[in-house]
Amino acid sequence: MPLNTIQLQLLKVQTASRKAVLVAVSKTRPVTEIEQAYQSGQRDFGENYVQELIEKQKQLPADIHWHFIGHLQRNKVKFIAPFVFLIHGVDSLNLLKEINKQALLHNRIIPCLLQVHIAEEESKFGFDASGVELLLASEDVRAMKNIKLCGLMGMATNTENEEQVRREFHSLGTLFKALQQPYPDFKILSMGMTTDYRIALEEGSTMVRIGSAIFGERTQT
Ligand SMILES: *Cc1c(COP(=O)(O)O)cnc(C)c1O
């Protein structure tokens with residue numbers, strides 16, 4: 001299935017009506033398909049492998065907002081620090097320190113989201129609610145001048161059970177709202193993918209990351 005431009009336009013309208021940003025997840029897709037989406041006005045793209053992202057970034061227009069949505073290893077931060085628009089999956093203090101260091105080297109302030117583990121299923125990555133609060137309050141983090149913590153990111157359990165997905169997104173939405181009072185920079189709640197973005201928008205998502213609905217099913221993840 002090629003790039004579905006009609007679906008892309010529909011998603012744009014749907015997300016805009018909720019004042020949310022649509023990130024087109026282009027992982028595993030060729031540069032030509034990203035160009036096609038770009039031609040139709042899409043500027044925000046999400047990738048989750050560093051090597052793939054830097055290859056694509058070199059070949060594509062400079063005004064693309066590249067979102068890093070995957071699990072980021074510390075030793076790879078330096079490759080994306082010069083241009084990355086938003087890092088979605090920050091899941092440790094050490095990673096944040098490295099991002100701050102690399103951002104300083106490139107004279108940038110890199111926007112970041114903290115990944116929160118909301119899925120009831122076991123997952124390796126992400127903070128729990130108290131972990132997020134501890135991190136935000138820590139002196140270490142307050143001293144970092146080259147990162148900007150802009151909000152939270154989460155992934156619901158991959159299940160057909162819509163009640164469960166809603167419950168998980170609702171818990172993240174509640175945490176996000178509670179943190180917006182003490183942290184006014186918190187403006188982004190990144191949640192929702194192809195199968196669950198409608199529920200995510202209803203639960204307060206401000207940014208959805210959608211791949212297969214736009215580019216077709218992937219053979220790899
Ligand atoms: C692949 C991926 C997506 C997009 O998934 P689709 O089901 O294709 O919409 C969103 N977020 C993350 C973190 C991903 O890795």
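Author: Happy to! Helices (H or I, at least four residues) and strands (E, at least two) are DSSP runs, numbered from the N terminus. This is a predicted model, where local features need pLDDT of at least 70 and side-chain atom pairs count only at pLDDT 80 or more, while totals for chains, interfaces and linings use all residues. Residues are numbered from 1 along each chain as its sequence is written, and side-chain values use heavy atoms, with hydrogens and water left out.

Reader: Which residues is Ile210 in contact with, leaving aside neighbours within four places in sequence?
Author: Contact means heavy atoms within 4.5 Å. With those neighbours set aside, the partners of Ile210 include Leu11, Leu22, Val25 and Tyr197.

Reader: What about Met207? Which strand does it lie in?
Author: Met207 is in strand S8. Met207 is buried, at a relative accessible area of 5%. Beyond its neighbours within four places in sequence, it touches Val21, His67, Leu86 and His88, among others.

Reader: Let's switch to helix H1. What should its span be?
Author: The 13 residues of H1 (residues 5-17), at 1.5 Å a residue, should span 18 Å, and the end C-alpha atoms are 18 Å apart, which agrees. The expected span is 1.5 Å times one less than the number of residues.

Reader: Which residues are buried in H1?
Author: Leu8, Leu11 and Thr15 are buried there. Seen down the axis of H1, the buried residues fall within an arc of 65 degrees, so they line one face of the helix. That arc is taken from the directions from the helix axis to the C-beta atoms.

Reader: What is exposed on the other side of H1?
Author: Ile6, Val13 and Ser17 are exposed there.

Reader: And what covers the buried residues of H1?
Author: The cover includes strand S1 (21-25), helix H2 (31-39) and S8.

Reader: Nice link! Last topic: how many helices and strands does the protein chain have?
Author: The protein chain has ten helices and eight strands. Buried residues make up 51% of its 221 residues. Its C-alpha trace spans about 50 × 45 × 30 Å along the principal axes.

Notes
Buried means under 20% relative accessible area, exposed over 50%, partly exposed in between (1.4 Å probe, protein chains only).
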